[in-house]
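Hello,

I am handing over a structure for you to look at. The sequence and model come first, and the findings follow.

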Amino acid sequence: MSTEGRPSPQAAYALWMDACARAGWLAGPVVEQVPIAAGLGRVTAAPLHARWPSPRCDCAAMDGIAIAAAAASAGGAAAGGGAAELRLAASAFSWIDTGDPMPAGTDTVVEREAVSLQADGGVL
């Protein structure tokens, strides 16, 4: 294929950039302020930071029981690294629903489907 009559890649790029500029395209991002309602589908020019956390407390991401992970790990893991069966007394956990604030002293939620209620009020 002959390259006679064709511009070099650098010259072709310059011609293309010139045509784009004449059509109104700007080579860099344009920063503009718009009302929040007009921001849908746009990209922010700079990172945004929330004024406060939302939600304002640690919340459960699922229904289940809230426990302290350290207390559960003290029960030991199953041989081979699998899930361990751990019996917890009724005083060692709190029932919690999705979105509820985590009770004081707890940091983990075991999903409701993985818990078996025992006759004494404890769980397995």
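**Aromatic rings**

Y13 and W16 sit 3 residues apart in helix α1 (residues 9–22), so about one helical turn separates them. Helices here are DSSP runs of H or I with at least four residues, strands are runs of E with at least two, and both are numbered from the N terminus.

Before going on: this is a predicted model, in which local features need pLDDT of at least 70 and side-chain atom pairs count only at pLDDT 80 or more, while totals for chains, interfaces and linings use all residues. Residues are numbered from 1 along each chain as its sequence is written, and side-chain values use heavy atoms, with hydrogens and water left out.

Rings of Phe, Tyr and Trp (its six-membered ring) pair if their centres lie within 6.5 Å; planes under 30 degrees apart are stacked, over 60 edge-to-face, and the rest tilted. The count by this rule is 3 aromatic pairs. For Y13 and W16, the ring centres are 5.9 Å apart and the planes stand at 45°, so this pair is tilted. F93 and W95 have ring centres 5.8 Å apart and planes at 90°, so that pair is edge-to-face. Y13, W16 and W25 make up one aromatic cluster.

F93 is buried, at 8% relative accessible area, whereas W95 is partly exposed at 42%. (Buried is under 20%, exposed over 50%, and partly exposed in between, with a 1.4 Å probe and protein chains only.)

**Strands**

W95 in β2 is also the residue opposite I65. Strand β1 (residues 64–67) runs antiparallel to β2 (residues 94–96), with 3 bridges between them. β1 is also joined by 4 bridges to strand β3 (residues 108–111), again antiparallel, and there G64 stands opposite E111. Strands pair if DSSP finds at least two bridges between them.

T106 is buried, with a relative accessible area of 19%.

Regards
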